[in-house]
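Work through the exercises below with the sequence and the structure open. Try each task before reading its solution.

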Amino acid sequence: MPTRQAFVTYGVTTAAAATVTVAALLQPWRSPGPGAQPPVAVAAARHAVDVVFAVDTTGSMGGLIEGAKRTVWSIATHIRQTEPDADLRIGLVAYRDIGDAYVTRDLALTGDLDAVFAELAGFQADGGGDEPEDVAAALYDALHMRWRDDARKLVFLVGDAPPADRGDVPRFDVLAREAGQRQIVLNTIRCGVSGDTARAWQQIADLGHGQFSTIEQGGGVQQIATPYDKRLAELSARIDSTAVIVGDDAQRAEYQRNLAVNAAAPAAAQADRAAYYATGSAAGGARTENDLVGTGKLRAGKVAKGALPPELRGLNAEQLQAEVDHRAQLRRDAETEMTRLNHQRDDYMRANAKGEAGFDAKVKAAIDAQLK
């Protein structure tokens, strides 16, 4: 039985050639094989939305993976626009097959979308060779994520090869039927033209009460560059600089690493990130749950000195609150301009739309149908 990895450290190529590790998102709760009991349920927030992308990362999937990196923020923004009060979490499952560097590698469902992007940015297409892949292992890992009780639960299975029956987990059709019974909607997106893949993907979607769709092998992503992207990226970076990360130095370093990966993304992707944070209930909030500025969950006077960044530890409670208020005002000023530019950018993209046949368009169409 192969060992599947619940956590992965990917080498990420950025301007600084940084390696990103999202160590806070380990999944110690996951079972390694079939017959495991479902994880203990956790409480759900109102309008909770949990989405998992299970993506084939073998060598033929390079174009799709690069397209997904460019559009994940746009997809997240679309979820916010479809369900403005969405409490969104995203998880990832990268899958290949026995004999490759790994069978599956997972990132737990998390609301820290900067961490999700940093992890996705490390996905590299490699391995494969024979056509079938261990799709069942990917479905098994997706189903055993820590789903919230009352969340809308969506899975997007993306690949170009049919399932292999490796015997390490229940068959793919058994798992798809389980998903349907647990109200986890299984959507499938076939890349390319394989008939065997189409038949299996259709069966999985039918059993999982989801949608089956087909895109070209390279993903068909049509990202539109706009005249507003650079300024939106600048404003988003200004907001990032206002954060006060409460915790230890490792958490602050992780935050900075995630920002570095996002800063190395194309300008259009950075603008999509800015749009996400300016949309719905994300507006005015924190970049991460331990950001003292804008979170609403932390109070300056209640934070231990040792949990503050070193440059703020010498402030008394009144001074610290004044600094937090100042940064919050800077954030609001930047968000006001971002909101205006986002409207103009939306109009520009609608006027220059290039079609709806790519990966991101198929995901958004399923979201429209399944969240509305």
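A residue is called buried when its relative accessible area is under 20%, exposed when it is over 50%, and partly exposed in between (1.4 Å probe, protein chains only). The model is predicted, so local features need pLDDT of at least 70 and side-chain atom pairs count only at pLDDT 80 or more, while totals for chains, interfaces and linings use all residues. Residues are numbered from 1 along each chain as its sequence is written, and side-chain values use heavy atoms, with hydrogens and water left out.

**Exercise 1. Check the length of helix 10 and list its buried residues.**

Step 1. Helices (H or I, at least four residues) and strands (E, at least two) are DSSP runs, numbered from the N terminus. The expected span of a helix is 1.5 Å times one less than its number of residues.

Step 2. Helix 10 has 13 residues, so it should span 18 Å. Its end C-alpha atoms are 18 Å apart, which agrees.

Step 3. The buried residues of helix 10 are Phe359, Asp360, Ala361, Val363, Lys364, Ala366, Ile367, Gln370 and Leu371.

Step 4. Strand 3, helix 1, strand 6, strand 7 and strand 8 (212-215) are among the elements that cover these buried residues.

**Exercise 2. Describe the largest nonpolar core and the contacts of Phe359.**

Step 1. A nonpolar core is a set of buried Ala, Val, Leu, Ile, Met, Phe, Trp, Tyr and Cys residues joined through side-chain atoms within 4.5 Å. The largest one has 45 residues, and Phe53, Ile79, Leu88, Phe156 and Phe359 have the most contacts inside it.

Step 2. Elements that each supply at least two residues of this core include strand 3 (48-56), helix 1 (62-82), strand 4 (87-95) and helix 10 (359-371). Helix 1 gives the most, with eight residues.

Step 3. Contact means heavy atoms within 4.5 Å. Leaving out residues up to four places away in sequence, Phe359 touches Phe53, Leu64, Ala68, Thr71, Ile75, Val158, Ile189, Ile215, Gly219 and Val221.

Step 4. A second, separate core has 26 residues, including Ile184, Leu186, Ala200 and Ile204.

**Exercise 3. Find what lines the largest cavity, and sort the lining by class.**

Step 1. On a 1 Å grid over the protein atoms alone, a cavity is a set of points where a 1.4 Å probe fits but cannot get out; lining residues have an atom within 4 Å of a point. Grid points are joined across faces, edges and corners, and a volume is the space filled by probe spheres set on the points.

Step 2. The largest cavity holds about 90 Å³ of space. Phe53, Val55, Leu64, Ala68, Thr71, Val72, Ile75, Leu92, Leu120 and Phe359 line it.

Step 3. Helix 1 gives the most to this lining, with five residues.

Step 4. Ala, Val, Leu, Ile, Met, Phe, Trp, Tyr, Cys and Pro count as nonpolar, Asp, Glu, Lys and Arg as charged, and the others, Gly among them, as polar. The lining therefore divides into nine nonpolar, one polar and no charged residues.

Notes
On a 1 Å grid over the protein atoms alone, a cavity is a set of points where a 1.4 Å probe fits but cannot get out, and a pocket is an open set with protein on both sides within 12 Å along at least five of seven lines; lining residues have an atom within 4 Å of a point.
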